[in-house]
Amino acid sequence: MDRIQIKRLLTETPLEELLDMADRVRKANVGDTVHIRALLEFSNYCSRNCTYCGLTAENGKLDRFSMTASEIIDTAKKAFNVGYKTIVLQSGESNAVDVDTLCDIVGEISSWGMIVTLSCGELSYDEYSKLKEAGAKKYLLKHECASEGIYSSLHDGYTLSDRIKCARDIKSLGFEYGGGFLVGLPDEDIELVIDNLLLLRELQCDMAGIGTFIPHPSTKLGGAKQGDYELTLRCIAITRLLLPTANLPVTTSLSVTGDSELAYRAGANVVMVKVTPIDYRKNYDIYPIAKHMTDIKNDRLAIVEKIERLERQAK
Ligand code: SF4
């Protein structure tokens, strides 16, 4: 698929038609299963200043936390015991939990047969290598924005090329690599949306998370316009066409900006459910969203019911 075809799908093709195309490709390539992943946000410390994220180091209003190794392992165990087979360990970028400790945590959780996915930001090749060696199978590191100039204005002191180098390191080490981007960041135009989609294909993402930009009041972009829900759906659907066998999550931001169930029709086949302990969950505040406060078992049951209502199989 070339730029012109992608542009047509983004701007001209009726939404229903695009969703049907993506749904057919999803069914033919990854079937009806929806994979449910546990998401544990284990630390909200971050040394970076991404202008769109509530965890930015500049946000002095946030209560910072970092779970201990035993808290992380205990929470993963609870998730494993209620049926989760994969856990995503996510944090801001900091050394609040150092890489060697993270390796021990990954090794312990993996020893039960639980798959560990990491989402802890940019690290050195050697650090990624240690984590792979410790047993981590997948790594999420979205490129966020495929324009060097806009990327640098959103991430003061950091470059898109460094981000892409990390993505290539992750891939070369044999991780399943999860990329992705935000829809609706300031200064985005349709050509940048196309660049974002094509970069997912160029990086040969095994997973791709596409979220809508939602302004957080305690960030520099607090007054910016929210990203467009339908455009996000279109991006998910086109990603399914570009990467037919990839795992595509229903991103949480879709439930804030519109009907998240439509993402399943747009080709999504993964959903992440927070298992972060309630006391910490309220402070993992990337963007403003009502924090869901039940428990690990009931949250999983609720999502299984939802998936079955959509006539898909939960796994
Ligand atoms: S997007 Fe990630 S790296 Fe940037 S401030 Fe938020 S948690 Fe930190």
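# Overall size and helix packing

The protein has 315 residues, and a compact globule of that length would have a radius of gyration near 20 Å; the value here is 18 Å, which agrees. That radius is taken over C-alpha atoms, and the globule rule is 2.2 Å times the number of residues to the power 0.38. The model is predicted: local features need pLDDT of at least 70, side-chain atom pairs count only at pLDDT 80 or more, and totals for chains, interfaces and linings use all residues. Residue numbers start from 1 along each chain as its sequence is written.

Along its principal axes, the C-alpha trace spans about 50 × 45 × 40 Å. The protein has 13 helices and eight strands. These are DSSP runs numbered from the N terminus (helices H or I, at least four residues; strands E, at least two).

**H3 and H4.** Helix H3 covers residues 69-81 and packs against H4 at about 25°, with the axes 10 Å apart. Axes are lines fitted to C-alpha atoms, for helices over the stretch in contact, and angles run from 0 to 180 degrees between N-to-C directions. That makes H3 roughly parallel to H4 (angles under 35 degrees). The crossing of this pair is right-handed, with the near helix turned clockwise from the far one by less than a right angle. H3 brings Ala69, Ile72, Ile73 and Ala76 to the contact; H4 brings Thr101, Asp104, Ile105, Glu108 and Ile109. Contact means C-beta atoms, placed from the backbone, within 7 Å. By class, the H3 and H4 contact has six nonpolar, one polar and two charged residues.

**H4 and H5.** Helix H4 (residues 99-111) also packs with helix H5 (residues 125-134), at about 20° and with axes 8 Å apart. That makes H4 roughly parallel to H5. H4 passes H5 in a right-handed crossing. On the H4 side stand Val99, Leu102, Cys103, Val106 and Gly107; they meet Glu127, Lys130, Leu131 and Ala134 of H5. Six of these contact residues are nonpolar, one is polar and two are charged.

**H8 and H9.** Helix H8 (residues 190-202) packs with helix H9 (residues 229-242) at about 35°, their axes 10 Å apart. The two cross in a right-handed way. Val193, Leu197, Leu200 and Arg201 of H8 face Cys235, Ile238, Thr239 and Leu242 of H9 in the contact. Six of the residues there are nonpolar, one polar and one charged.

| Pair | Angle | Axes apart |
|---|---|---|
| H3 and H4 | about 25° | 10 Å |
| H4 and H5 | about 20° | 8 Å |
| H8 and H9 | about 35° | 10 Å |

**The ligand.** Around the ligand are Cys46, Arg48, Cys50, Cys53, Leu55, Thr56, Gly92, Glu93 and Gly121. The shell has four nonpolar, three polar and two charged residues.

Terms used: Angles under 35 degrees count as roughly parallel, over 145 as roughly antiparallel, 65 to 115 as roughly perpendicular and the rest as oblique. Two residues are in contact if their C-beta atoms, placed from the backbone, lie within 7 Å. Ala, Val, Leu, Ile, Met, Phe, Trp, Tyr, Cys and Pro count as nonpolar, Asp, Glu, Lys and Arg as charged, and the others, Gly among them, as polar. A residue is near a molecule or strand if its C-beta atom, placed from the backbone, lies within 6 Å of it.
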